[in-house]
Amino acid sequence: MEGAVYPGPELADPMRLWHRPRGSPGKLMAEINEESVRELRRLIGAAQRVVVFTGAGISTESGIPDYRGPNGVWKTQTPIDFKDFVGSESVRRKSWRGRFTGPNVMAGAEPNAGHLAVARLVELGKVTHIITQNVDGLHQKSGVLDEQVIELHGNASYATCLSCARRYEFKALRDVFLPDETVPYCDDCGGIIKTATISFGQAMPAAEVERAEQATLACDLFIVLGSSLVVYPAAAFPRVAKQSGARLVIVNNQPTDIDPFCDLTISDDIGPTLSAILD
Ligand SMILES: [Zn+2]
């Protein structure tokens, strides 16, 4: 059935959408621009096939830092380049050591009001696909099925073999690595195992990009949530949507280059804004 999701436990309580997550810097409902909310609600109501495109801004309300933002992780840490990871066992060892012994900003992160509102729009059959730049898996954790989430930059909650694509869970890899820092290799083919994210210097996942293009071409409303749209191919999707006749909305706390092409831009927090449209 199109648009079907299994409702996560959070969705059993619709009032949950109204609750601000712990520690969220978000605004109270009363502070959200009512006119923008009315217009977004009208656009969603008039649409048949909505695509939601999410960036780091939707997950900051869950406590996950924006890697590329002004205070982002990449300002103080150097990411490991894909070719270095593949080319050197000592780089792989360093990478696994960081993962298993360093701080993990995504551990314990829960979907916030923004994710839950998007999940509700999927459940209602409005949203056909979520295209995301995020690797935190929070859309799936909010109850959206894997096949409706298109992850352009992969997923940081598990690992895969780079040769045969077999999936590995971190717990098993941790058990291999921690005793004496043995770098894990694939049990099936001996291939290199890597966190299932797309690293700097690694090719974009062709199948995911293709699915994202198809979904974008088929939508009649494209909503960007929390992305500054500076990284390609991310930046191309809203233009493709607009050029193929869809309406375009951006909810982001900073202006983007695409703003002039939008039917509506909202500079407000995502969770409270989306929660308000479901009122
Ligand atoms: Zn393998």
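## Sheets and helix packing

Strand 2 and strand 3 run parallel and are joined by 3 bridges; in strand 3, V149 is the bridge partner of I130. The model is a predicted one, in which local features need pLDDT of at least 70 and side-chain atom pairs count only at pLDDT 80 or more, while totals for chains, interfaces and linings use all residues. Residue numbers start from 1 along each chain as its sequence is written. Helices (H or I, at least four residues) and strands (E, at least two) are DSSP runs, numbered from the N terminus.

Two strands count as paired if DSSP finds at least two bridges between them. The table gives the bridge counts for some pairs, including one from a second sheet.

| Strand pair | Sense | Bridges |
|---|---|---|
| Strand 1 and strand 2 | parallel | 5 bridges |
| Strand 1 and strand 7 | parallel | 5 bridges |
| Strand 2 and strand 3 | parallel | 3 bridges |
| Strand 4 and strand 5 | antiparallel | 2 bridges |

V51 has H129 of strand 2 as its bridge partner, and T54 has T132 of strand 2. V52 stands opposite I130 in strand 2 and opposite I223 in strand 7.

Strand 1 is largely enclosed by the rest of the structure, because 5 of its 5 residues are buried (a residue is buried with 20 or more other C-beta atoms within 10 Å of its own, exposed with 12 or fewer, and partly exposed in between; C-beta atoms are placed from the backbone). In a regular strand the side chains alternate between the two faces of the sheet. In strand 1 both faces are covered, with V50, V52 and T54 buried on one side and V51 and F53 on the other. Strand 2 (residues 127-132) is mostly covered too, with 5 of its 6 residues buried.

**Helix 1**

Helix 1 covers residues 34-46, which makes 13 residues. From first C-alpha to last, helix 1 reaches 18 Å, close to the 18 Å expected at 1.5 Å a residue (the expected span is 1.5 Å times one less than the number of residues). V37, L40 and I44 are its buried residues. They lie on the same side of helix 1, because they cover an arc of only 65° around the axis (the arc is that of the directions from the helix axis to the C-beta atoms). An α-helix has 3.6 residues a turn, so residues three or four places apart point the same way. The face of helix 1 turned away from the buried side carries exposed residues E34, E35, R38, R42, G45 and A46.

The buried residues of helix 1 pack against strand 1 (50-54), strand 7 (221-225), strand 8 (247-251), strand 9 (264-266) and helix 10 (270-277). Contact means that two C-beta atoms, placed from the backbone, lie within 7 Å.

**Helix 5 and helix 10**

The axes of helix 5 (residues 113-123) and helix 10 come within 7 Å and cross at roughly 35°. This crossing of helix 5 and helix 10 is left-handed (the near helix is turned anticlockwise from the far one by less than a right angle; clockwise would be right-handed). A113, G114, A117 and V118 of helix 5 meet I270, G271, P272, L274 and S275 of helix 10.

**Helix 8 and helix 9**

Helix 8 (residues 206-218) and helix 9 (residues 236-243) have axes that come within 8 Å and cross at roughly 35°. The crossing of helix 8 and helix 9 is right-handed. A212, E213, T216 and L217 in helix 8 meet F237, V240 and A241 in helix 9.

An open sheet of 3 strands has antiparallel pairing and the order 5-4-6. Strand 5 (167-168) and strand 6 (193-197) stand at the edges with a single partner strand each, so one side of each has no neighbour in the sheet. In the pairing of strand 4 (residues 154-161) with strand 5, A159 stands opposite Y168. Helix 7 (residues 170-177) lies across strand 4, strand 5 and strand 6, at about 60° to strand 4.

Definitions and conventions
Axes fitted to C-alpha atoms, helices over the stretch in contact; angles between N-to-C directions.
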